[in-house]
Amino acid sequence: MEAWFITLVSFCVCFLIRAIFSLHSSPTKASGKAIITTPPGPSHISIITRLLWLRKSFTELEPTLRTFHAKYGPIITLRIGASPAIFIADGALAHRALVHNGSLFSDRPEAPATAAILSSNRRNISSASYGATWRTLRRNLASEMLHHSRVRSFSGIRKCVLNSLLTRLKSASESIHSVRVIDHLRHAMFCLLVFMCFGERLDEGKVRDIARVERQLLLRLGSFNILNFWPSVTRVLYRKKWLEMLRLRKEQEDVLLPLIRARKQKQKQAKESGLNDDHDDVVSYVDTLLDLQLPEEKRELNEGELVTLCNEFLNAGTDTTSTALQWIMANLVKYPHVQERVVEEIKQVVGEKKEREVKEEELHKLGYLKAVVLEGLRRHPPGHFVLPHAVTEDVVLKDYLVPKNGTVNFMVAEMGLDPKVWEDPLAFKPERFLNDEGFDITGTKEIKMMPFGAGRRICPGYNLALLHLEYFVANLVLNFEWKVPQGGDVDLSEKKEFTVVMKNALQTFRIGQNGPYRVRNGPFRTPKSRTKTTPRTTHSEIRTARSGTHPERPVLPSERPVLPPERPVLLSRTARSPSGTARSPSFL
Ligand code: HEM
């Protein structure tokens, strides 16, 4: 009999049994009197629908969740898995849960089978349960790596990475091949994180090797979800998938372990020679982990756990930041007046200098730039949900029961677009943050948006992320004029990968010697013959255009941007992104 049929029948039986039990277990008594139930939600979701849903990420379910919220209110329950999944779409409720009741809402759900393997049994920050191990790992990251004096010690590498990004973009703009901007942005962020993690500048090939292995695993995560339903059975039925996951984890160990061991060796030699670590001015994340003691087990981290933690560090700071950076740049292309205002502010505040560089220590003077970054995070948060939370005991929130065995999910994107909180929420208007004296992104006082989460599980890297975003946006617009052809547009459609990315990525291109390229639903092509009215161009420009749904449209001579003397125009187009979905229970 077909494996899928056996699996389907088995799941149906399991769900029926569990559904019967869960119907009886939801209501509870508060103070011995009133019956309190879980938040409302659709009572009947067919088993087939549940099974299909279980294979999808929350982001893919977002439109359906929105419909349910419209019907049932800002807090709802879905019974799609073995335990209830609660979804909160309202900032005030999220604040009540994560900030007022932070100690109760800061746990994570049990790790499913695949996550348990990839997270070394939850010995990383994002999936550890709320307890001593989590506290130790998180404190180490926050105080040893993300403290502002340590972050400042990496300013040299940020400058190097920026310069190399600018050079790459320049040569991309001069190449006849169009190049996806996101690939360069992601590579730049990855180089920064690799350096912070291992304390060394690795050669290009090595960095690309690690990035390839990391990304492969990240994009395949979603497809391994099936292995989490009845693992002892699916592991046999989907043996190939199971082996693929183990192979990808092994590849990860193969690329990361030599770097970890090299650092260990270095530390050992330093100790033996009587030198303390201070002789080496770079303290890497691995260094901070080597001496760490797991409080509950009273032992050091083993190699598998070190790989898991390095992997978390690399992934947590790369895709999120580069995704946000691309969204911000796309909006700056779409709204040239916003881009011009950023440039004007830089010129006024930083002054016009020979070298086109905004230094890190100058960023705090750039209020409008900050507003642009915040608006980018509000309008396009890289994660539309925070990582799933769990409660440490049954809790009552807004008169509803949040059961201990359930998951609690916060709808970040919905909060950022809430019309009760944001005027004209779909518009990209950085000005909305200018009146707010020091907008509180941590949501401590109130939650208007929460791209980094809020409360005790808030992203510990948010300051580093904001620094990276401000520094790169400022220098990217100062060094190039990012332009869209007249009459063209930027397509801001979304697509779920590990984060929510642009469906049609921003791309650089040039109007080269062979005449104008065409903007079409797919790659740009050089037309077979150049029309007489189309003059040659001798320089590079950045353009963005809409692809996907946009009909084919030639680039007209009148669309050629006029180059301002001081900022070369760089070039861009939109490309099909590699496909793949991933549920993100943690930065595995
Ligand atoms: C734009 C960039 C970033 C965004 C949007 C972002 C967003 C988030 C979000 C939404 C969470 C989950 C919060 C929750 O579950 O309540 C999170 C957790 C986390 N982030 Fe970030 N993040 C970014 C950059 C970084 C960076 C640069 C690092 C470190 C290098 C980092 C490290 C982590 C870690 C370790 C956690 C797990 C925290 C915990 O469970 O206690 N993130 N991040």
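Mentor: Start with pLDDT: the predictor's confidence in each residue, from 0 to 100. A contact means two residues whose C-beta atoms, placed from the backbone, lie within 7 Å. This is a predicted model, so local features need pLDDT of at least 70, side-chain atom pairs count only at pLDDT 80 or more, and totals for chains, interfaces and linings use all residues. Residues are numbered from 1 along each chain as its sequence is written.

Trainee: What pLDDT does the protein average?
Mentor: The average is 82. 76% of the residues score at least 70.

Trainee: Where does pLDDT stay under 50?
Mentor: Residues 573-588 are one such stretch. The model has 64 contacts beyond four places in sequence for that stretch. Residues 16-27 also stay under 50, with seven such contacts. Where pLDDT is low, the predicted coordinates should not be read in detail.

Trainee: How many bridges join strand 3 to strand 4?
Mentor: Four, and the two strands run antiparallel. Strand 4 covers residues 85-88. L78 stands opposite A85 in strand 4.

Trainee: What about helix 12 and helix 14, at what angle do they pack?
Mentor: About 100°, with their axes 10 Å apart. Helix 12 is residues 239-272 and helix 14 is residues 303-334. The two helices are therefore roughly perpendicular. Angles under 35 degrees count as roughly parallel, over 145 as roughly antiparallel, 65 to 115 as roughly perpendicular and the rest as oblique.

Trainee: New topic. Which residue does UniProt list for "binding site"?
Mentor: The unreviewed entry lists C459. UniProt positions use the numbering used here, feature names are shortened, and annotations may be inferred rather than shown by experiment.

Trainee: Is C459 buried or exposed?
Mentor: C459 is buried, because 23 other C-beta atoms lie within 10 Å. The cut-offs are 20 or more for buried, 12 or fewer for exposed, and partly exposed in between; C-beta atoms are placed from the backbone. C459 lies in the loop between helix 17 (412-416) and helix 18 (462-479). Leaving aside neighbours within four places in sequence, C459 is in contact with F452 and G453.

Trainee: And P40, where is that?
Mentor: In the loop between strand 2 (35-36) and helix 2 (47-54). P40 counts as partly exposed, with 14 C-beta neighbours inside 10 Å. P40 and Y400 are 360 residues apart in sequence, and 8.7 Å apart in space, C-alpha to C-alpha.

Trainee: Last one. What is phi for K398?
Mentor: Near 50°, a positive value in a residue other than glycine. K398 lies in the loop between strand 8 (395-397) and strand 9 (400-402).

Conventions. Two strands pair if DSSP finds at least two bridges between them. Axes are lines fitted to C-alpha atoms, for helices over the stretch in contact, and angles run from 0 to 180 degrees between N-to-C directions.
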